[in-house]
Amino acid sequence: MSNLYVADQPEAATAGHPTGRLLEVEDLRVEFRTRDGVAKVINGVTYHVEAGETLAVLGESGSGKSVTAQTIMGILDTPPGFVTGGAIRFHGKDMLKMSAEERRRIRGEGIAMVFQDALSALNPVFTVGFQIAEQFRVRRGMSRKDAKKRAAEMLDQVKIPNATQRVNEFPHQFSGGMRQRVMIAMSLALDPEVLIADEPTTALDVTVQAQIMDLLAELQRERHMGLILITHDLGVVADVADRIAVMYAGRIVEEANVHELYAKPAHPYTLGLLESIPRIDEKGQQLRTIRGLPPSLLKIPSGCPFHPRCPMAQPVCQEKVPPLLQLGPTRASACHFAEELVKRD
Amino acid sequence: MSDPTAAMVTAPQAAEPGVVTDTPPDAGRPGEGASKDKPRGLLGDAWYDLRRKPLFWISAAFILFFVIMAAFPWLFTQTDPNFAELSRSRQGPSADAWFGTDIQGRDIYARVIYGSRASILVAVAATIGTVLIGATVGVIAGFRGGWIDQLLSRIGDVFFGLPFVLGAIVILSQFNGPGTHRGEWAIMGLVIAVLIILAWPVSMRIMRSTVLATKNADYILAARALGASNTRIIFRHLIPNCLAPVLVYATILVGAFISTEAALSYLGVGLQTPVVSWGVMIASAQNLIRVSPYMLLFPAGALVLAVLSFVMLGEAVREALDPKMR
Amino acid sequence: MTETILEVRDLVKYYPVTRGIVFKKTIGHVQAVDGVSFDLHKGETLGVVGESGCGKSTLAKVLMHLEKPTSGGVNFNGQDIYKLGAGGLRRLRRNIQLVMQDPYTSLNPRMTVGDLVGEPYEIHPEVAPKSSRRQKVQELLEVVGLNPEHINRYPHQFSGGQRQRIGIARALALRPEIIVCDEPVSALDVSIQAQVMNLLEKLQDEFGLSYIFIAHDLSVVRHLADRVAVMYLGKIVELGTEDEIYERPTHPYTQALLSAVPVPDPNSRKNKAIIRLTGDVPSPTNPPSGCRFRTRCWKAQEICATEVPLLEARPGSDHPSACHFAEKREIVVSHEASELTELPTRTL
């Protein structure tokens, strides 16, 4: 049972700009071979991102969202992780079939990544200027002086004040939000076409989070990049995403554009999530919860992985894996009862 | 109260949301393995890992072998290790004496067997002493901090600064030099004491740094919030979580002490006749290496094997206890 | 609900900053908590919100008497908790308990669940006779939604949410009157957060607990709290009922904070009126003079640098606010910009 579907061209959110699929993940499968068994971390994930759009990959811990990103970037720990199927196409070419050299070239110039914890992603013994300039020196062959100047320009682009002075400072001399900006500067140094942001603001305060998300949105607009935003925060997603892919137990369980998802979720998991988050514009009635726990990836339940926790589960849910069904030009859901769910009020 | 199982197909029609009883923990936990219901602490998990390492079994087998040899030497040989017959002096290995005889005509094989007793006994006793004293001081220093920590650390530094072998020689040559005639146990006791005196700072440091790292842990704070006394915190919370590095160090230390004792005996300040130990045997063989190599080879071989097994054990234990592999 | 069980008065906690290894010299102070006062009423949940560096975690430690305050007092049932002797302090612990943030580090990994939840009874043997302890522990596990048969399991065999429940059971064992919750759901997955929050609510009703709920997530706090205190750089800048704070905030920082919280509603995008704060949070070793928020505040005037605004009733506000220019700003939370008359622009 695969989760492949034939996608129609999604609406061009940015009319007039070239729409092209920059990055396509197709039926990706990854497993982790541990001493306790084989954990099926990713089980047939398909999504894509186009220039100028923001795809939010939504999921909780164990959903496989970060592992997918790492696999795309080619930084997956192998062992214990192994890619067992699928393709990752950048401009149509399958990266999994490329040589290590070609993949390395794409990293940074084609696809770049921003991580959650800037403090551990930045090398503490080198100045930030050095780390950013390194990319120019190594990949573009610039001289030290030129590279440093460019590094300062990058810091300026991410709105770090006094960029020319701060370029000589070390990561620990920056606050959390500033460090995240530094990391964004580093990732954008080589003008990538796709930026993957893995929980970029989870560790930050909410006021800083707003600044960083704004910055990302602005940079994306200017550079017409594709942005894959990996997060668990439904509020952030509502603010910035164009399309959303919801992941659970290594699969995509729902795809929709942002308005559709929040107005009428088509999968019980999405519905459960939306109902269980406390909202700042509502005073608490009791929160509806999703009962139970996310499954162990060593023993994913048969059929639909969500069925043990699903309030709508029927016998068929345990027997058959629901395929990702198209419900509309931009909607898909992996639930046997998706249509009913959508029709519900 | 029955457990809702993960395999339940028809979910109860959740008319009301709210707090639900959890699915059993092992539904969501990797690493349960076959022993689903048997509780396994971290030590239990470590043991589970340890059982699977060939390294562990090999080294454990050797150590067991040596320990039995040390405890029940008569199982291995009937010959008296001190029985000297000069007419048999320096004979090569033969059917009579498997390892040959030494210069006084004593059976080398028997001496190797009996020698294990002294070597291992000294090493184990010294290790126990070092770890007990060092760990205690380390816990006090790490937990109390402040000037007590400074004081104890500086004292440890002083001992640490003494060059080990040199210090041992100086001390032992005072009490145990050529010309003194002490009883077997007195000699061994002296050597053990010296080893402890010179080696305790290392185990103190290990314990102290582990304590420093652990004492600010959340669960210790939680215990304080409950009103736990310092004693309770130290014995119930701190020490059980700080044992691992010290345990690993201890296993390796036994190996180190075996060879240290041999070195001291070789230099003439450690164990001496009438005590039989591998070091003593090596010492008496040093001038005859070229003519009767077997006099050196066999005790040296036994020594190396014993040290190696302890080090291997330490390595296996360290890997099993390593929390990063959890 | 109007009975006051805890009175916090001018609580101050400074940490000395030292230089040197052997002979330490104090060169400054981290002013983590700088004059915090509030009351806690029986059965209510007081939310304490603020961003990192505001001092809320330090406040939790000081309230729990895990750290001694530099000055100030906390009265529980009429007694100053910092003046208690050893016996009094032990008895106090039975009444004020703590739930910590990180479920992965707050439980001793070498103790079974039964030992962990039963430890309070070992420390305070007068609460329950030995024979009844096991049963009490099992009851507690049931109350928090865990299977009492798992009493011999170890923490690493449980998930994050379950571990947090264990922590809550442990805090509940002595039937305290007050539970200080220090970011209890921050480290949990979204779908588990709701479970634990519902649990906390249920327990409050069932056992008549009062909570001091410390968190940085404003949505979570709104859901549980009756009253809310907003902290910035060691001081409370605004204090009011949940309704007052979330619907009619009067302190600029509160307004900025609330406006920055993303709402899970894509339609609010167009109407966004996010108040952008510029600059970084000042260092707590060297806070700005007068009002600490003035370096980032769009309303700052000269008086803000010279006079410290006290947390008191203000003409523009129906609840205490520490701003010289406290002014109501409605519906900040739902980002409906069109109805606001005054919009601070990005350049501020």
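# Questions on a three-chain model

Analyst: The domain assignment divides chain C into domain 1 (4-225) and domain 2 (248-339). The model is predicted.

User: How far apart are the C-alpha centres of domain 1 and domain 2 of chain C?

Analyst: Those centres are separated by 29 Å. The two domains do touch: nine residues of domain 1 of chain C are in contact with seven residues of domain 2 of chain C.

User: Which elements give two or more residues to the side of domain 1 of chain C that touches domain 2 of chain C?

Analyst: They are strand S2 (25-41) and helix H7 (218-224) of chain C. S2(C) gives the most, with five residues. By type, that side of domain 1 of chain C has four nonpolar, five polar and no charged residues. Asp, Glu, Lys and Arg are what count as charged, so none of these four types is found on that side.

User: Which residues touch the most other members of the largest nonpolar core?

Analyst: The core has 280 residues, and those touching the most other members are Ala185(A), Ile196(A), Ile244(A), Val180(C), Ile212(C), Phe213(C) and Val230(C). Helix H3 (residues 108-144) of chain B gives the most to this core, with 16 residues.

User: Which residues is Val230(C) in contact with, leaving aside its neighbours within four places in sequence?

Analyst: The contacts of Val230(C) are Val49(C), Gly50(C), Ile236(C), Val237(C), Glu238(C), Ile245(C), His251(C), Tyr253(C) and Thr254(C). A contact needs C-beta atoms within 7 Å, so each residue in that list meets this limit with Val230(C).

User: Why is Met247(A) called buried?

Analyst: Met247(A) has 24 other C-beta atoms within 10 Å. The term asks for 20 or more, so Met247(A) qualifies as buried. Met247(A) sits in strand S9 (residues 243-248) of chain A.

User: What is Met247(A) in contact with, leaving aside its neighbours within four places in sequence?

Analyst: The contacts of Met247(A) include Val57(A), Leu58(A), Gly59(A), Ser63(A), Gly64(A) and Lys65(A). Ile252(A) and Val253(A) are also among them. Gly59(A) is 188 residues away along the chain, yet its C-alpha atom and that of Met247(A) are separated by 5.0 Å.

User: Is His224(A) buried, exposed or partly exposed, and why?

Analyst: His224(A) has 14 other C-beta atoms within 10 Å. Exposed means 12 or fewer and buried means 20 or more, so His224(A) falls in between and is partly exposed. His224(A) is in the loop between H8 and strand S8 (226-231) of chain A. His224(A) is not a glycine, but its phi is positive, about 55°.

User: Why is Glu183(C) called partly exposed?

Analyst: For Glu183(C) the count is 19 other C-beta atoms within 10 Å. Glu183(C) lies in the loop between strand S7 (178-182) and helix H6 (190-207) of chain C. Glu183(C) also has a positive phi, near 50°, without being a glycine.

User: How many helices and strands does chain B have?

Analyst: Chain B has 10 helices and zero strands. Of its 326 residues, 41% count as buried.

User: Where does H6(B) bend, and by how much?

Analyst: H6(B) bends by about 45° at Ala199(B), and Pro201(B), a proline, follows within four residues. Helix H6 (residues 184-214) of chain B has 31 residues and reaches 43 Å from its first C-alpha to its last, close to the expected 45 Å.

User: What makes the span of H4(A) close to the expected one?

Analyst: Helix H4 (residues 128-140) of chain A has 13 residues and reaches 18 Å, and the expected span at 1.5 Å a residue is 18 Å. Its buried residues include Val128(A), Ile132(A) and Phe136(A). Helix H2 (100-109), helix H5 (144-157) and helix H7 (176-188) of chain A are among the elements covering the buried residues of H4(A). After H4(A) comes Gly141(A), with a positive phi near 65°.

User: How many residues of chain A are in contact with chain C?

Analyst: 33 residues of chain A are in contact with 36 residues of chain C. The largest share of the chain A side, five residues, comes from H9(A). The residues of that side divide into 15 nonpolar, 12 polar and six charged.

Note on methods: Residues are numbered from 1 along each chain as its sequence is written. Chains are lettered from A and ligands numbered from 1 in the order in which they are written. This is a predicted model: local features need pLDDT of at least 70, side-chain atom pairs count only at pLDDT 80 or more; totals for chains, interfaces and linings use all residues. A nonpolar core is a set of buried Ala, Val, Leu, Ile, Met, Phe, Trp, Tyr and Cys residues joined through C-beta atoms within 7 Å. Domain bounds come from an automatic or database domain assignment. The expected span of a helix is 1.5 Å times one less than its number of residues. The bend at a residue is the angle between axes fitted to the seven residues ending there and the seven starting there.
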